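Subject: Structure handover

Hello,

Here is the structure we talked about. Please open it alongside this note.

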Amino acid sequence: MRMGVAAISLLCSMSAFAEIEQIDSVCDFSTILESDGKVEAAFRFVNHTGSDISIEQVRTTCGCTATRFARTPIHNGDTAVVEVQFNPSGRPGKFEKKAYATFLPSRNRLVMTVRGKVVASEATAMSRYPESVAALRFKHRTAIFGQIDKGKTQATTLDGYNATTDTVSVEFPSLPPHITAVPVPSIVPPGDQVSIVLKYDTSKKDAWGLNCDTIAIATTQSGRRLADFLEASAVIVDAPDTLSPALAPRVGLSSRHVDFGTLSRNGSPCSRELVLTNTGEKPLEIRSIASFSPAVKATSGISTINKGESAVVEIEANVAAITDAWLDTEIKIYTNAPSSRCITVRCVGEIK
């Protein structure tokens, strides 16, 4: 344990409140290590009221902060001390906590503040920020933008942390043309957090459906440069059509469920077919077909379906790539139909 008055920089201010002089009001612990344990500061008050007073209670704003004080009378001219203790366990990053001392008989209340920055222990850093990326740690490695209408831009953030004892600078040496990434801040002191602000511009991406990207990131610390990567995913769909429902393309689908039945583990790939029919007026566009399992492949030889016409989607299950006893996955079909921009088809089967 370290006493804030003796071993750290104590920011002091003088205030007179109803003739109770508060000598110490703010204690800045600066940077502390979580592994060093609790830290403590002493706040002093002088009684100038002309009669005895006492401290009724000291209330804190967080369970991480505890106090010690005497309830004995404070005679005129005497000094009282309130010790405020902060526990950094499991609390990486900047902190500012307050304690409120209430005096009797006047019930005057004075405020004490402790603040600083905690450099997390290795265990806490791995728990809160499990992904190691270059010299930093992140909560997640992948930025998930979700569904974005074509032509629109969407933003998200990735939260990181400098769990080291040295300052880290962050840069992005190369980015996909449709993604921007800005570190805030770009220079991260020990124990500080960083947010990577990412924006995805679909007007600069010539693709539809699920898209995944790799984002190169580099950090420099004490002259040592480390290269690594982050990831991004987005689902690009058609913007809502301004056409009236009567004119828009519509999807008629033969089934939203494909059952491969019983598949032999030693057998050859097995295929099933889905039929998409345009029951609307304008041409129906199949933008993209995505499978979420390496064991299933879905393709169509036709991308534009005119009014009243149909297209076949062939779905193939590769038994050799299925490791479980069951096949249970999805494919997604992305179209320009306002009511069916993303169609989910479930694929199942039993492997014997």
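Strands here are DSSP runs of E, at least two residues, numbered from the N terminus. Two strands count as paired if DSSP finds at least two bridges between them.

A word on the source. This is a predicted model, where local features need pLDDT of at least 70, side-chain atom pairs count only at pLDDT 80 or more, and totals for chains, interfaces and linings use all residues. Residues are numbered from 1 along each chain as its sequence is written, and side-chain values use heavy atoms, leaving out hydrogens and water.

The sheet. Strands β19 (residues 209–221) and β20 (residues 224–237) run antiparallel, joined by 13 bridges. They belong to an open sheet of 5 strands with mixed pairing, in the order β13-β20-β19-β15-β17. β13 (142–149) and β17 (187–188) are the edges; each has a single partner strand, so one side of each has no neighbour in the sheet.

Now β15. It is joined to β19 by 3 bridges, antiparallel, with E171 opposite A218. β15 also pairs with β17, antiparallel, over 2 bridges. There, S169 has I187 as its bridge partner.

The cores. A nonpolar core is a set of buried (under 20% relative accessible area, 1.4 Å probe, protein chains only) Ala, Val, Leu, Ile, Met, Phe, Trp, Tyr and Cys residues joined through side-chain atoms within 4.5 Å. The largest has 27 residues; V258, F260, L263, L276, I315, I331 and V345 touch the most other members. A second, separate core has 26 residues, including I55 and V118.

Best wishes

Key: Buried means under 20% relative accessible area, exposed over 50%, partly exposed in between (1.4 Å probe, protein chains only). Helices (H or I, at least four residues) and strands (E, at least two) are DSSP runs, numbered from the N terminus.
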